[in-house]
Amino acid sequence: MKIINARLRKQPDLYTLEVEDGLFSAIRAQQGYIDNAAANNPADDMINADGKLLCAPFVEPHIHLDAALTAGEPNWNQSGTLFEGIERWSERKPMLNEQDIRQRVLKTVELLVANGVQHIRTHADTSDPTLVGLKTLCDLRDELKDRIDIQVVAFPQDGLLSFPNGLQLMEQALEYGADVVGGIPHFEYTRELGEQSMKTVIELALRYDRLVDVHCDEIDDPNSRFLEVLACEALFKELGPRVTASHTTAMHSYDNAYCSKLFRLLKQSGINFVSCPTESIHLQGRFDSYPKRRGLTRVKELNEAGINVCFAEDSIFDPWYSLGNGKLLRSLDFGLHICQMMGYKDFQSALDLITDNGARTLNITDRYGIETGKPASFILLEGEDDYSVLRNQGEVLLSVRQGEVLMQRQPARVVFNRLAH
Ligand SMILES: [Zn+2]
């Protein structure tokens, strides 16, 4: 496969890229536009990118595929709070079976692939004695591995230590093959159990040699401070880059003096952060009147401090969030607005938040990126750089994985009848 006239992120020139045996074999700057009208058919192994942006695939680092497409079943979340979401989900859980999960997961994965995602980290609820969601997701991960990368987090939705047999279920999930240990300290019954759960999560990660991704301090309570316990354990056990704190929305409400002290630890620990802008702006601030908190973690400040932070969608039509469409560009748009990352410089590297930073969180940087020798996995976007793709919410026109075309889209064409002049 050969791609001509491609723009690469943060580069002024047009590029030609060559692919052999599923890997990038050459990436060369061109002298100018190559005029080759014949070159526009991926099936012919020749692609004319026509000046559009070719970039590494989108990474969805936090989604709940087991719950996707279940909003309103059997009841809708009326209050819009996280905690009612957990209640509504516990009503849906007894109805889960393998076929139901498979069907919904495949539809959701299709939606994500159609929008340029090639790497997914999904949480799978282990607060279910049958573990049917987790097992089905692990099975699908293996079955779909030629088409998409899936990491499965064993996520104790109702508590690792507060839910009956929570710890045993977690261990069963890890033995079955979950890739990542999860946690939910702010939902444990007491502060002590929350802290203990963070130590347990790190111990399990060491014992089973797995990554860590915790739903951490997903609450507006400024006293929810489990992040410091997680980061400290990660630092002491030298696991930092293998550990992720998702949400950390309480950080929005921490006072600045505490935050300043906390950032020193976060930076030293090297842990990663995931923020879910649409989910958090919807679920948080629900107990406020006015002024009403935004309830997102301090993405701008984390980013400026050189701490790795990425955006995720979290939900697609589930008990917590009844919109969502697999478009990470939408989450990025929301996130930049809510976090006030709207400077010219922010726009130049905006796609980092749904590409490279997500790849770092997933610990896949050894096989991710537009570089000679790496797997030829990329997407082609409507737009020529981060700014124009973001501003126009550019569609994904093509997604190629290890040299194989995963999806193609014809750009929409508008015909004006009255504005012509
Ligand atoms: Zn989540």
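**Notebook: domains and overall build**

I began with the domain contact: 24 residues of domain 1 touch 29 residues of domain 2, where contact means heavy atoms within 4.5 Å. The model is predicted, so I note that local features need pLDDT of at least 70 and side-chain atom pairs pLDDT 80 or more, while totals for chains, interfaces and linings use all residues. Residues are numbered from 1 along each chain as its sequence is written, and side-chain values use heavy atoms, without hydrogens and water.

I looked up the bounds next. Domain 1 covers 2-56 + 370-408, and domain 2 covers 58-367; such bounds come from an automatic or database domain assignment. I found 31 Å between the C-alpha centres of domain 1 and domain 2.

I then turned to the whole chain. I read 13 helices and 16 strands, taken as DSSP runs (helices H or I, at least four residues; strands E, at least two) and numbered from the N terminus. The C-alpha box along the principal axes is roughly 65 × 50 × 45 Å.

Why does the radius of gyration agree with a compact globule? I noted that 421 residues would give a value near 22 Å for such a globule, and the chain has 22 Å. The radius is taken over C-alpha atoms, and the rule is 2.2 Å times the number of residues to the power 0.38.

Of the 421 residues, 57% are buried, meaning under 20% relative accessible area with a 1.4 Å probe, protein chains only. Among contacts with a separation of 6 or more, 74% join residues 24 or more positions apart.

Note on methods
Buried < 20%, exposed > 50% of the residue type's maximum accessible area, 1.4 Å probe, protein only.
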